[in-house]
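Subject: A structure for you to look at

Hi there,

Here is the structure I promised to pass on. Please open it beside this email, and then read on for what turned up in it.

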Amino acid sequence: QVQLVESGGGLVQAGGSLRLSCAASGRTFSNYDMGWFRQAPGKEREFVVAISWSGGSTSYADSVKGRFTISRDNAKNTVYLQMNSLKPEDTAVYYCAARPKAYSGTYYHEETLYAYWGQGTQVTVSS
């Protein structure tokens, strides 16, 4: 089992920044690719960004390219999501997820490949 705990969400004005963190425990963190997904009210959960187990590969949704940056620190068992130039449409609950590195390099956007999920953290961007 892998336990994931997100933090760093909150309320921010449009154009502002937030940094989300996801702390992992329970298994060897470096054996897992990590992803961030989000779910806005009334909408389905969607892929935001993912990073490979080594940090050497990333994948971003078009909607966040150039504004969001994912990184990880395997020594601290933590993955980060730096969100800049936030827009009201970024308002959502953000979820951290982990999947075995056997899938690495493929289908980062496919949430069914992620075995472990955090409880989510709310991000609200006001206009």
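Ile-70 is a buried residue, because its relative accessible area is 5%; buried means under 20%, exposed means over 50%, and partly exposed is what lies in between, with a 1.4 Å probe and protein chains only. You will find Ile-70 in strand β7. Here helices (H or I, at least four residues) and strands (E, at least two) are DSSP runs, numbered from the N terminus. Leaving out residues up to four places away in sequence, Ile-70 touches Met-34, Trp-36, Val-49, Ala-50, Ile-51, Thr-58, Tyr-60, Val-79, Tyr-80 and Leu-81, where a contact means heavy atoms within 4.5 Å. One of these, Val-49, is 21 residues away along the chain, and its C-alpha atom is 7.0 Å from that of Ile-70.

Before going further, please keep in mind that this is a predicted model: local features need pLDDT of at least 70 and side-chain atom pairs count only at pLDDT 80 or more, while totals for chains, interfaces and linings use all residues. Residues are numbered from 1 along each chain as its sequence is written, and side-chain values use heavy atoms, with hydrogens and water left out.

Now for the whole chain. How many helices and strands are there in the chain? There are 0 helices and 11 strands. Of the 127 residues, 43% count as buried. Among contacts with a separation of 6 or more, 59% join residues 24 or more positions apart. The C-alpha atoms fill a box of roughly 40 × 25 × 25 Å along the principal axes. A compact globule of 127 residues would have a radius of gyration near 14 Å, and the 13 Å of the chain agrees with that; the radius is taken over C-alpha atoms, and the globule rule is 2.2 Å times the number of residues to the power 0.38.

Next, the cysteines. A disulfide is a covalent bond between the sulfur atoms of two cysteines. Counting pairs of cysteine sulfur atoms within 2.5 Å, the chain has 1 disulfide. Cys-22 and Cys-96 form it, with their sulfur atoms 2.0 Å apart. Cys-22 is in strand β3 (residues 18–25) and Cys-96 in strand β9 (residues 92–100), so the pair ties together parts that are 74 residues apart in sequence. The link of Cys-22 and Cys-96 is left-handed, with -75° about the S-S bond. Both Cys-22 and Cys-96 are buried.

A few loop residues are worth a look too. Ala-61 sits in the loop between β6 (58–60) and β7 (68–73), and it counts as buried because its relative accessibility is 14%. Apart from neighbours within four places in sequence, Ala-61 is in contact with Phe-47 and Val-48.

Asn-77 is in the loop between β7 and β8 (78–83). The phi of Asn-77 is near 55°, a positive value in a residue other than glycine. Asn-77 counts as partly exposed, at 28% relative accessibility.

Is Tyr-107 buried or exposed? Tyr-107 is exposed, because its relative accessible area is 57%. Tyr-107 belongs to the loop between β9 and β10 (116–117), and it has a positive phi of about 45° although it is not a glycine.

Happy exploring, and do write back with any questions!

Best wishes
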